Amino acid sequence: MQPADRPVLIAVDGRSGAGKTTLALELAALLRPHRSVGVFHLEDIYPGWNGLEDGRRRYRETVLEPLSHGLSARWTAWNWTADEDGERRVTEPAEVVILEGVGAADAAARRLLDAVIWIEADAGQRRTRAIARDGDGYEPYWETWAGQEEEWLAGDDVAGAADIVVQDSPDLLSPSAVLRALLDLPQLEPLLALERSHLPRPELQVERLDSCPDSAALFQALYGASSHAVWLDSSNAAAGRTADRNAVSIMADGGGPLGALAEHRAGTTTITRGRVMVRIRGPFFRWLDSVWSEAAVELPDDVPEGFALGWIGALGYELKREAGGNDVAAPTPDAALVFAARGIVLDHQRQRTFLLTLTHPAGRGDAAAEAAASEAAEWREQARRTIGALAAGAPAAGAPADGGEQDGRAPASAAPASEPPAFTLRDSRASYLDKVRRAQAEITEGNSYEICLTTELAAEASPGLDDLDTYRALRRRNPAPFATYLRFGDLTVASTSPERFMSIRADGWLRAEPIKGTRRRLEDPEEDAAIRAELAASPKDRAENIMIVDLLRNDLSHYAVPGTLRVSRLCAIESYATVHQMVSTIDAQLRPDASRAEAVAAAFPAGSMTGAPKISTMEILDRLESGPRGIYSGAAGYFSLSGASDLSVVIRTLVRHGSRLSLGVGGAITADSDPAAEWDEVRAKAFGVLSALGADFPD
């Protein structure tokens, strides 16, 4: 046969009995309506029960190599009855060839493959399945074969290199879920364009309830047991304070048939839907653009803020590598998100609650869509009952209400349930002051105008520390418009941020609201008013703020309609429970042809956390700071299916990763900064979080 167009080669690998053959055949059946598909079984080429290594070599040389060049593969089958080489066979290069068997995706083969699927299954289940499939003749050789598998896999992490990993169990393997994962892979986009075009558009169901229960009690009742849950908490509005910039709270998780989890680390985004995980290699913001490139649902007019479910979570500061910054590794993910296919919106201003769910339109006999619709209806009923009980005054299990905060400055925090953590400093006072002076030297040399220097406090969490209780104490102590509680397995983010990084309305209006200038509030009202007035008049703080405004005007201008960019508010003072802040607002209209994800990337990370000019200043910070920032200094919020987004700057934030607690703090350094005053600002910014924990600043 003459060389043909190269086929797409998909390997299905896993230990014996994992279900590779079944998955390969069912995938082939799903793909065949639109293209030719061939299937090759490695068990046909292994030379006997001790032949795994030689069989893999034969497979690569006589099957994979020719197919990868669009040639017919001519190979020798193994006669298992005679225990010797058997007949010659030919595998033709169809448009797609699925290669299944132990070793189909070994290290030497992977360079020739377009996609790798690995099936991970329990050893006992695998043995039972393999013997049931191949008969008692396999049983005497099980240990021999399994030993070869383990010897090979000890030096070849196929699961770690796979594009798709399936957590299998008997009778539960879903080929349609694996096909859905294949649709996520950029390298298969041309092949599967037809299937992608036929993906059902989600349908949004919205139910409005004319009550607004206690946020903390509702979150505990609906999401207290969720391993991955999010709560975007307008805690100042929830506490009855003036809702100056955000009057809406959102809570959701990644559960349900349509829910998903996403995590990005060092150039790879991992998406998990149920038992199927897919790795998408490439920049995070490119992946975000692919899943958020256009509005997917229509939203009723009365749902506030244009939120129509979607991706919710946090972006870490080290994503700066995609925005012109250096590549720095952090122990925490560069991004962690849930896809919320069901969630709650609390409109504190109008005292309303909205229940939101997504379903897919169900055709006749579409059992999966019907099951998803049934599950969504059950969830809405559960949420409705819970909200009704809370509105009637019944407490949620294990969650006393957080109502009744005092009107004014910081209320007393609840006593910690465990020993307060003992924090240590990444930088001593002397070290930080030295870095301030080094930053000023960079400014004097003309390398920057303003450098947002940060440091970190860290501690080991005591065994009795409850993350949600900790966050509840934080929100009582320091209510804020963009407070956030995120739980992603062993990563928890508890933030009382007052700062919006960037919002995009469904109609395309952009807004950034940087904060620069902070004073700790004082107990005496007259002294407190005086310190507020001093901040408002401070030439240094106004200069810092205006420099960041100029930076953000530039960031937003890249994707703005010419003539729409404006500074709506300059150097205004906002007062919170523990601090006064200087805030400005910049607005612009997004160009109709612009990518929303690229607009976010162009402004990331927030200029208020880098300084100006951004790229050169980030390089200076990499030299000055003694470690990665992680989630701190990044962004938290949502990317909704309506096209809307609202992201806060991750400041005033306690991060727990495993047993490690961290609190990032810092301030903007200019040529006329007083190093001692900058250290005082670090202490002031740490106070709100530390006081809620009952912890002391580690002098």
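Biologist: In which sense do strand 18 and strand 19 pair?
Modeller: Strand 18 (residues 424-425) and strand 19 pair in the antiparallel sense, over 2 bridges. Two strands count as paired if DSSP finds at least two bridges between them. Strands (E, at least two residues) and helices (H or I, at least four) are DSSP runs, numbered from the N terminus. Here Thr424 stands opposite Ala458 in strand 19. This is a predicted model, where local features need pLDDT of at least 70 and side-chain atom pairs count only at pLDDT 80 or more, while totals for chains, interfaces and linings use all residues. Residues are numbered from 1 along each chain as its sequence is written, and side-chain values use heavy atoms, leaving out hydrogens and water.

Biologist: How many bridges join strand 19 to strand 31?
Modeller: There are 10, and strand 31 (residues 660-669) runs antiparallel to strand 19. In strand 31, Leu661 is the bridge partner of Ala459. Strand 19 is also joined to strand 27 (residues 611-612), again antiparallel, by 2 bridges; there Glu450 has Ala612 as its partner.

Biologist: How many residues of strand 19 are buried?
Modeller: In a regular strand the side chains alternate between the two faces of the sheet. Buried means under 20% relative accessible area, exposed over 50%, and partly exposed in between (1.4 Å probe, protein chains only). Strand 19 (residues 450-460) has 10 of its 11 residues buried.

Biologist: Where does helix 2 bend?
Modeller: The bend at a residue is the angle between axes fitted to the seven residues ending there and the seven starting there. Helix 2 (residues 52-68) bends by about 35° at Arg60. Its buried residues include Leu52, Tyr59 and Leu67. After helix 2 comes Gly70, with a positive phi near 75°.

Biologist: How many disulfides does the structure hold?
Modeller: A disulfide is a covalent bond between the sulfur atoms of two cysteines. The cut-off is a pair of cysteine sulfur atoms within 2.5 Å, and the structure holds 0.
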